[in-house]
Amino acid sequence: NSLRRPGTQDNVFVQLFQMVLELRFLESRWKDLESGNHRLVVLQVIRLFMRDKAFQRRFLLRGGRDELCSIFDSEGVKHYRHLAQTDSVGLQILTQIASMLTK
């Protein structure tokens with residue numbers, strides 16, 4: 001059963017994490033997502049995986065930290081540019097990224 005081998009490539013959780021990183025997060029694919037809610041869900045999924053040291057390592061090795069910092073910068077600019085408007089999803093995205101960067 002692949003669920004019993006957490007560090008192997010055939011593990012369903014490793015595959016899911018890799019797919020989220022590859023198809024929804026890295027290499028500016030983040031910008032292709034339709035809405036702030038979609039982006040928030042991607043961050044929440046990655047953050048859940050990042051509770052495990054093995055996934056933290058995979059995230060760092062794939063360049064996730066640099067991508068995360070870039071997203072934090074662009075989301076921060078958007079948030080402060082439209083400070084007069086209420087954008088709770090944007091603020092939630094910034095909060096998720098800040099929490100992930102502190103780890």
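Tutor: One term to begin with: contact means heavy atoms within 4.5 Å. Also, this is a predicted model.

Student: OK. Which residues of H1 meet H3?
Tutor: From H1, Phe 13, Val 14, Phe 17, Gln 18, Leu 21 and Phe 25 take part. On the H3 side they meet Phe 55, Arg 58 and Phe 59.

Student: And how do the axes of H1 and H3 cross?
Tutor: Two packed helices are described by the angle between their axes and the distance between the axes. Here the axes of H1 and H3 cross at roughly 30° and come within 11 Å. Angles under 35 degrees count as roughly parallel, so H1 and H3 are roughly parallel to each other.

Student: Left-handed or right-handed crossing?
Tutor: Right-handed, for H1 passing H3.

Student: Stepping back, how many helices and strands does the chain have?
Tutor: Five helices and zero strands. Along the sequence that reads α-α-α-α-α.

Student: What share of the chain counts as buried?
Tutor: 34% of the 103 residues.

Student: Now the largest nonpolar core. Which residues touch the most other members?
Tutor: Phe 17, Phe 25, Leu 43, Ile 46 and Phe 59, out of 22 residues in that core. At least two residues of the core come from each of helix H1 (12–25), helix H2 (36–49), helix H3 (53–61), helix H4 (64–81) and helix H5 (88–102).

Student: Take Ile 46. What does Ile 46 touch?
Tutor: Leaving out residues up to four places away in sequence, Ile 46 touches Phe 17, Val 20, Leu 21, Phe 25, Phe 59 and Met 100.

Student: Are Phe 25 and Trp 30 buried or exposed?
Tutor: Buried means under 20% relative accessible area. Phe 25 has 0%, so Phe 25 is buried. Trp 30 is at 4%, so Trp 30 counts as buried too.

Student: Which residues do ring pairs link into a cluster?
Tutor: Phe 17, Phe 49 and Phe 55. Phe 17 and Phe 55 also belong to the set where H1 and H3 meet.

Student: Last one: what fraction of contacts with a separation of 6 or more is between residues 24 or more positions apart?
Tutor: 63% in this chain.

Terms used:
Residues numbered from 1 in each chain as written. Predicted model: local features only at pLDDT ≥ 70, side-chain atom pairs only at ≥ 80, totals over all residues. Heavy atoms only, no water. Core = buried A, V, L, I, M, F, W, Y, C linked by side-chain atoms within 4.5 Å. Buried < 20%, exposed > 50% of the residue type's maximum accessible area, 1.4 Å probe, protein only. Helix = DSSP H or I, 4+ residues; strand = E, 2+ residues; numbered from the N terminus. Phe/Tyr/Trp six-rings, centres within 6.5 Å; stacked < 30°, edge-to-face > 60°. Axes fitted to C-alpha atoms, helices over the stretch in contact; angles between N-to-C directions. Parallel < 35°, antiparallel > 145°, perpendicular 65-115°, else oblique. Left-handed = near helix turned anticlockwise from the far one by under 90°.
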